[in-house]
Amino acid sequence: MPSPRSSRERRTGRPEFVSLLNQRGPTAPDSPNRRRESGGSVPPPLPEEDCMRLNPSFVGIALSSLLAVDLWASKRLGVCAGEASAWGSARPLLKVVEVSGHGIPWLLGTFYGLCQSDSSAAREVLLNLLFALLLDLVLVAVVKGIVRRPRPTHNKMDMFVTVSVDKYSFPSGHATRAALVCRFVLHHLVLAVPLRVLVVLWALVVGVSRVMLGRHNVTDVLFGLLLGYGLYSVVEYCWLSPLNAPALFALWTH
């Protein structure tokens with residue numbers, strides 16, 4: 001005769017242990033409080049800086065992506081970085097362009113013109129150009145010393161007359177100076193339209209040559225051009241004249 005247990009299993013179609021589990025009720029998931037009560041250890045929360053690393057901000061991702069694109073583009077555009085580069089034969093010509101945007105020729109040329117000038121109006125323009133060039137040198141050196149971005153790895157350190165901060169890349173001093181001189185010349189010299197176009201083209205070629213020679217990354221040049229353009233506004237605001245700087249002009253009176 002079948003036992004009551006066997007007949008009950010056949011009627012329900014389920015093993016008896018299922019009913020035993022139902023009697024125990026649903027099992028609640030382990031919560032931190034329950035683990036604490038049972039004596040289990042709960043891992044401490046991550047520090048805030050670790051959470052930031054695990055969950056980088058949108059700005060951090062954007063800056064990292066921009067830096068990667070900048071390095072990639074600078075490497076691809078450095079076609080005259082060496083004699084064996086794709087456009088290595090044009091390297092000597094671009095090095096002439098490099099000298100044309102260097103600070104020393106501009107400083108010496110401006111100083112010589114200031115000494116030889118007989119016109120008070122010309123002396124005023126040249127003195128302010130000299131002031132602009134010195135301000136450019138100081139500002140670029142300070143920014144380079146603060147940022148300390150190394151030059152591109154494909155750069156050859158055969159530059160014309162360098163100082164200690166020239167081992168850094170950001171910003172491009174040539175690009176800053178080219179933009180500053182370009183804007184200064186266009187505002188204070190009366191030039192025909194073709195010459196004005198040539199001045200603008202010279203500034204752009206100086207900036208592009210810095211990337212092609214492998215001296216700078218693209219962002220170094222772009223920031224340098226913007227810095228030089230804005231620096232001219234500072235020079236205009238602090239414009240030196242015989243009225244506000246009579247001692248300086250007395251030095252150059254023949």
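At 17% relative accessibility, His-154 counts as buried, and that residue makes a handy starting point for this predicted model. Buried residues account for 33% of its 254 residues.

**Starting point: His-154**

- His-154 has its place in the loop between helix 8 and helix 9.
- Leaving aside residues up to four places away in sequence, His-154 touches Ser-74, Lys-75, Gly-78, Ala-81 and Gly-214.
- His-154 is classed as buried because its relative accessibility of 17% falls under the 20% limit.

**The chain as a whole**

- Read from the N terminus on, the elements run α-α-α-α-α-α-α-α-α-α-α-α.
- Take the contacts between residues at least 6 apart in sequence: 71% of them join residues at least 24 apart.

- The phi of Arg-148 is near 55°, a positive value in a residue other than glycine.
- Most residues other than glycine have a negative phi, and most peptide bonds are trans.
- Arg-148 is exposed, with a relative accessible area of 54%, whereas His-154 is buried at 17%.
- Pro-171 sits in this loop too, between helix 8 (120–147) and helix 9 (173–188).
- The peptide bond from Phe-170 to Pro-171 is cis, and its omega is near -5°.

- Pro-242 lies in the loop between helix 11 (218–237) and helix 12 (246–251).
- With 46% relative accessibility, Pro-242 counts as partly exposed.
- Pro-242 and Glu-124 are 118 residues apart in sequence, yet their C-alpha atoms are 7.9 Å apart in space.
- Not counting residues up to four places away in sequence, Pro-242 touches Glu-124 and Phe-249.

**Cysteines**

- The structure holds zero disulfides.
- Cys-182 is buried, with a relative accessible area of 9%.
- Cys-238 is partly exposed, at a relative accessible area of 33%.

**How helices pack: a word first**

- Two packed helices are described by the angle between their axes and the distance between the axes.

**Helix 7 with helix 8**

- Helix 7 (residues 103–116) packs against helix 8 at an angle of about 155°, and their axes are 9 Å apart.
- Helix 7 and helix 8 are therefore roughly antiparallel to each other, since angles over 145 degrees fall in that class.
- The crossing of helix 7 past helix 8 is left-handed.
- On the helix 7 side, the contact is made by Trp-106, Leu-107, Thr-110, Gly-113 and Leu-114.
- On the helix 8 side, the residues are Arg-123, Leu-126, Leu-127, Leu-129, Leu-130, Leu-133, Leu-134 and Leu-137.
- By class, the contact of helix 7 with helix 8 has ten nonpolar, two polar and one charged residues.

**Helix 10 with helix 11**

- The axes of helix 10 and helix 11 come within 8 Å and cross at roughly 155°.
- That angle makes helix 10 roughly antiparallel to helix 11.
- Helix 10 and helix 11 cross in a right-handed way.
- Ala-203, Gly-207, Arg-210 and Val-211 of helix 10 meet Val-218, Val-221 and Leu-225 of helix 11.
- The residues of the contact of helix 10 with helix 11 divide into five nonpolar, one polar and one charged.

**Helix 6 with helix 10**

- Helix 6 (residues 91–100) and helix 10 (residues 193–212) pack at an angle of about 120°, with 9 Å between their axes.
- Helix 6 is therefore oblique to helix 10.
- Helix 6 passes helix 10 in a left-handed crossing.
- From helix 6, the contact draws on Leu-94, Val-97, Glu-98 and Ser-100.
- From helix 10, the contact draws on Trp-202, Val-205, Val-206, Ser-209, Arg-210 and Met-212.
- Six nonpolar, two polar and two charged residues make up the contact of helix 6 with helix 10.
- Arg-210 of helix 10 is one to look for in the structure: it takes part in the contact with helix 6 and in the contact with helix 11.

Definitions and conventions. Residues numbered from 1 in each chain as written. Predicted model: local features only at pLDDT ≥ 70, side-chain atom pairs only at ≥ 80, totals over all residues. Heavy atoms only, no water. Axes fitted to C-alpha atoms, helices over the stretch in contact; angles between N-to-C directions. Helix = DSSP H or I, 4+ residues; strand = E, 2+ residues; numbered from the N terminus. Parallel < 35°, antiparallel > 145°, perpendicular 65-115°, else oblique. Left-handed = near helix turned anticlockwise from the far one by under 90°. Contact = heavy atoms within 4.5 Å. Nonpolar A, V, L, I, M, F, W, Y, C, P; charged D, E, K, R; others polar. Disulfide = S-S within 2.5 Å. Buried < 20%, exposed > 50% of the residue type's maximum accessible area, 1.4 Å probe, protein only.
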